[in-house]
Amino acid sequence: MMEVCQGVEAIFQLLFNEFRQSTRASEQTCRNVAARLANEVTRICTESNRIQTSGDVDSWAHTLANLRLKQVLSYYKLGSHRGRVELQSTLSAIVYRYITPPQAPASYQARLTLIEDFLQGFYVEALNAFRRENTIEAGYRPRALLELAEYMAFTERYGKRRIPLPGRRSQQLLILRAQTFSQQQPPETSVDMDTAAEGGSPESDTTWNDAAIQQVREMMVASEPEPLEANLRDTVVEELLKYLEERQQQDCADYFTLRLQDLPASEIEGILGLTPRQRDYLQQRFKYHLIRFALSHRWELVHQWLEADLERNLGLTPLEWQLFQDKITSGQRELLGLKQKRYSHFEIAQALGCTVTQVEKRWFKLLEIAWDIRNSSVSGSGASQDE
């Protein structure tokens, strides 16, 4: 028991001294935060059979203490606003694929709204867990920046805790909470839009009350319809995420989700726990799947969104289209003609005397040629003749 107490004191002094040197927090705040973290580290080391049987408990304790110290100081240096953004981004990337409304496909924006709603509740749960595990008063709230950084670091660790499941499996607590949240979302309610637009009828059997119908009517009259481009973008985003997940490329899906938030590379590396080299490798792998998706899996959807479908000559200018025609072979021109006539790949395969797989590969190559011509013109590497 004396050895444990000495270990707690050593960890406390390590944390306290670092907080005093690295932050502007008051001495009492540094003392309180250091004491809570030291107690947490000691509790983990005491309750873990693996650590207790390792024969090097002190080394484990110092490692855990340094990890918590680094995490808290990282949030502290980010500040209140950027720290919250960082935590929100980290947790959002984890739960993105698990937050979906039941019985209805969610748009990208709708899913983000659900994630925000879910995380607001999760932050409250994490705060209650923080109070409970540190044995502090029920009304405690972090006020100083160091206390806020401590709470945000705790919330990230709390969400990533592994919860044992039947069959020797485990899952992160945050994901389990997200799955429960999604299951508890009410199903979409069927509404007679004609009745809603007219304001409803007193004899109507609908379960909607007059206030709800009036709200729908006001939204229908007042709100502008979403632009087609925005709808297409959301659909492309959803389909690409689905494509990545079906191919078990969750790390690529997480990377893509963070890229959509316009985060710099350094922040993405920090959230995903990658080195610059690992992030670059992940980016190259994501680009590979992106090209496969754009030129093969859902080429029509992507090209429609880019205004580069067959009706628009694959997005090529007249001069680029002529260059494209000059680059392709007679067999590729025949394939292009059949695609322009809206023949299916099965019908094209019969007409060309090949397999459907061969048609898909040849069409992929054609789209790749057009893509290269289009991109070289945009980037300026191959300036067009009319410039």
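Biologist: How many residues lining the largest pocket are nonpolar, polar and charged?
Modeller: This is a predicted model, where local features need pLDDT of at least 70, side-chain atom pairs count only at pLDDT 80 or more, and totals for chains, interfaces and linings use all residues. Residues are numbered from 1 along each chain as its sequence is written, and side-chain values use heavy atoms, without hydrogens or water. Ala, Val, Leu, Ile, Met, Phe, Trp, Tyr, Cys and Pro count as nonpolar, Asp, Glu, Lys and Arg as charged, and the others, including Gly, as polar. By that sorting, the lining of the largest pocket holds six nonpolar, six polar and nine charged residues.

Biologist: Which helix gives the largest share of that pocket lining?
Modeller: A pocket is an open set of points on a 1 Å grid over the protein atoms alone, where a 1.4 Å probe fits, with protein on both sides within 12 Å along at least five of seven lines; lining residues have an atom within 4 Å of a point. H4, H6 (145-160) and H12 (265-272) each supply at least two lining residues. The largest share, 13 residues, comes from H4.

Biologist: Which residues lie closest to the centre of the largest pocket?
Modeller: The space in this pocket is about 670 Å³. Its lining counts 21 residues, and the closest to the centre are Lys70, Gln71, Ser74, Glu156 and Gly270.

Biologist: What volume does the largest cavity have?
Modeller: In a cavity, the probe fits but cannot get out. The search finds one cavity of 30 Å³ or more. Its lining includes Arg36, Phe130 and Glu150, and H2 (27-47) and H6 each give two or more lining residues. The volume of the largest cavity is about 30 Å³.

Biologist: How many helices and strands does the protein chain have?
Modeller: Helices (H or I, at least four residues) and strands (E, at least two) are DSSP runs, numbered from the N terminus. The count for the protein chain is 18 helices and two strands.

Biologist: Why is H11 called largely enclosed, and how many of its residues are buried?
Modeller: Buried means under 20% relative accessible area, exposed over 50%, with partly exposed in between (1.4 Å probe, protein chains only). H11 spans residues 250-260, and its buried members include Asp254, Tyr255 and Phe256. Cys252 is another, at 0% relative accessibility. H11 is largely enclosed by the rest of the structure because its buried residues number eight of the 11.

Biologist: Is Thr135 buried or exposed?
Modeller: Thr135 sits in the loop between H5 (108-133) and H6. Its phi is near 50 degrees, a positive value in a residue other than glycine. With 71% relative accessibility, Thr135 is exposed.

Biologist: How many disulfides does the structure hold?
Modeller: A disulfide is a pair of cysteine sulfur atoms within 2.5 Å. Cys30 is buried, at 0% relative accessible area. The number of disulfides in the structure is zero.

Note on methods:
Points joined across faces, edges and corners; volume = space filled by probe spheres on them.
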